[in-house]
Structures are given as structure tokens and as C-alpha cells.
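Here is a short tour of a protein chain, with an eye to its charged side chains. Have the viewer open as you read.

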Amino acid sequence: MTFLFNPKMAEEKKFICLPKGEYEVEINEVINKVSKAGNDMLELTLTAYAEDGTKVRLFDYIVNGSGLWKLKALCKAVGIEFDGTLEEQLLVGKRMKAKIDLRKATAQFPEKNQ
């Protein structure tokens with residue numbers, strides 16, 4: 001089967017960035033991965049909700065070792081006791097308040113939230 005499309009009809013994907021601030025955030029997906037350096041890592045997909053109803057998809061990464069402080073803080077924010085082990089799927093669907101920053105655009109990359 002051949003997939004036919006008209007490239008002139010394709011809409012350019014525009015990414016929305018939220019201003020720096022505190023937002024309600026929901027964890028949508030958590031995937032176990034391995035970082036480029038070979039360390040175990042969690043990749044999180046989140047949705048941030050602005051007061052005007054705008055939803056922005058965000059990504060975050062927690063690397064085993066250097067990022068355990070972040071995992072501990074995340075668990076505390078969503079009410080999960082972290083004792084060194086975690087069934088990461090327990091994070092899915094949890095909501096919390098998060099500080100979101102806006103990283104300015106560079107010659108290589110557009111602006112993005114972090």
C-alpha cells in the first residue's frame with residue numbers, strides 16, 4: 001500500500017511554551033530507558049495546564065545516580081513514599097505543582113520549557 005499525501009496541505013507544527021512560573025502538571029507516561037552514558041533512566045511525558053486552559057506537553061528525564069534527588073522530590077510531590085525502590089507506573093496519572101522555566105532559543109535550538 002502506498003501512502004499518498006499533498007505536502008502543501010501539511011500544517012507546520014508549532015510548539016507552545018509557557019511563561020516561567022508554577023503550573024499544575026500531570027504525569028502521562030513513564031518509560032524505563034537507558035541514557036546515552038549507559039545509565040538506567042526514566043523518561044517522563046507530562047502535561048502542564050495554564051490558567052487559561054492551555055495545555056503544553058513536557059518531557060523530563062531522571063537518570064539513576066545523578067538524578068535520584070529529582071526522583072525523591074517527585075515522589076514527595078505526588079504523595080508516594082520513596083524508599084529506594086519504585087514501581088514507576090504508580091506515577092502515571094499523578095498531578096502536582098511544578099516550577100517551569102523557559103530556556104531561551106539558541107542558534108541551534110528553539111526556546112523550550114524545562
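Is Asp-60 buried, partly exposed or exposed? Asp-60 is partly exposed, with a relative accessible area of 29%; buried means under 20% relative accessible area, exposed over 50%, and partly exposed in between, with a 1.4 Å probe and protein chains only.

Before going further, a word on the ground rules. This is a predicted model, in which local features need pLDDT of at least 70, side-chain atom pairs count only at pLDDT 80 or more, and totals for chains, interfaces and linings use all residues. Residues are numbered from 1 along each chain as its sequence is written, and side-chain values use heavy atoms, with hydrogens and water left out.

**The overall layout**

Read from the N terminus, the order is β-β-β-α-β-β-β. The radius of gyration is 17 Å, well over the 13 Å that the globule rule gives for 114 residues, so the protein chain is more spread out than a compact globule. That radius is taken over C-alpha atoms, and the globule rule is 2.2 Å times the number of residues to the power 0.38. Along the principal axes, the C-alpha atoms fill a box of roughly 55 × 40 × 30 Å.

Of the 114 residues in the protein chain, 27% are buried. The accessible surface comes to about 9,000 Å², and carbon and sulfur atoms hold 53% of that surface; the areas come from the Shrake-Rupley method with a 1.4 Å probe, and for residues only the protein chains shown count as cover. Among contacts (heavy atoms within 4.5 Å) with a separation of 6 or more, 42% are between residues 24 or more positions apart.

**The salt bridges**

There are three salt bridges in the structure, each being a side-chain nitrogen of Lys or Arg within 4 Å of a carboxyl oxygen of Asp or Glu.

| Pair | N to O distance |
|---|---|
| Glu-26 and Arg-95 | 3.2 Å |
| Glu-43 and Lys-33 | 3.3 Å |
| Lys-70 and Asp-60 | 3.0 Å |

Take Glu-26 and Arg-95, which form a salt bridge. Glu-26 sits in strand E1 (residues 21-34) and Arg-95 in strand E4 (residues 95-100), so this pair ties together parts that are 69 residues apart in sequence. Glu-26 is buried at 18% relative accessible area, while Arg-95 is partly exposed at 41%.

Now turn to the salt bridge between Glu-43 and Lys-33. Glu-43 belongs to strand E2 (residues 40-49) and Lys-33 to strand E1, ten residues apart. Glu-43 is buried, with a relative accessible area of 13%, and Lys-33 is partly exposed at 35% relative accessibility.

Asp-60 comes back in the salt bridge with Lys-70. Lys-70 lies in helix H1 (residues 68-78) and Asp-60 in strand E3 (residues 55-63), so the pair joins parts that are ten residues apart in sequence. Lys-70 counts as partly exposed, at 24% relative accessibility.

Across the protein chain, the mean positions of the 18 positive and 17 negative charges are 5 Å apart. Lys and Arg count as positive and Asp and Glu as negative, while His and the chain ends are not counted. The place of a charge is NZ of Lys, CZ of Arg, CG of Asp or CD of Glu.

What does Lys-97 contact, leaving aside its neighbours within four places in sequence? Lys-97 is in contact with Glu-22, Tyr-23 and Glu-24. Lys-97 is part of strand E4 and is exposed at 53% relative accessibility. From Lys-97 to Lys-55, 42 residues apart along the chain, the C-alpha separation is 14 Å.

Finally, look at Thr-2, in the segment before E1. Thr-2 is exposed, at 64% relative accessibility.

Methods. Helices (H or I, at least four residues) and strands (E, at least two) are DSSP runs, numbered from the N terminus.
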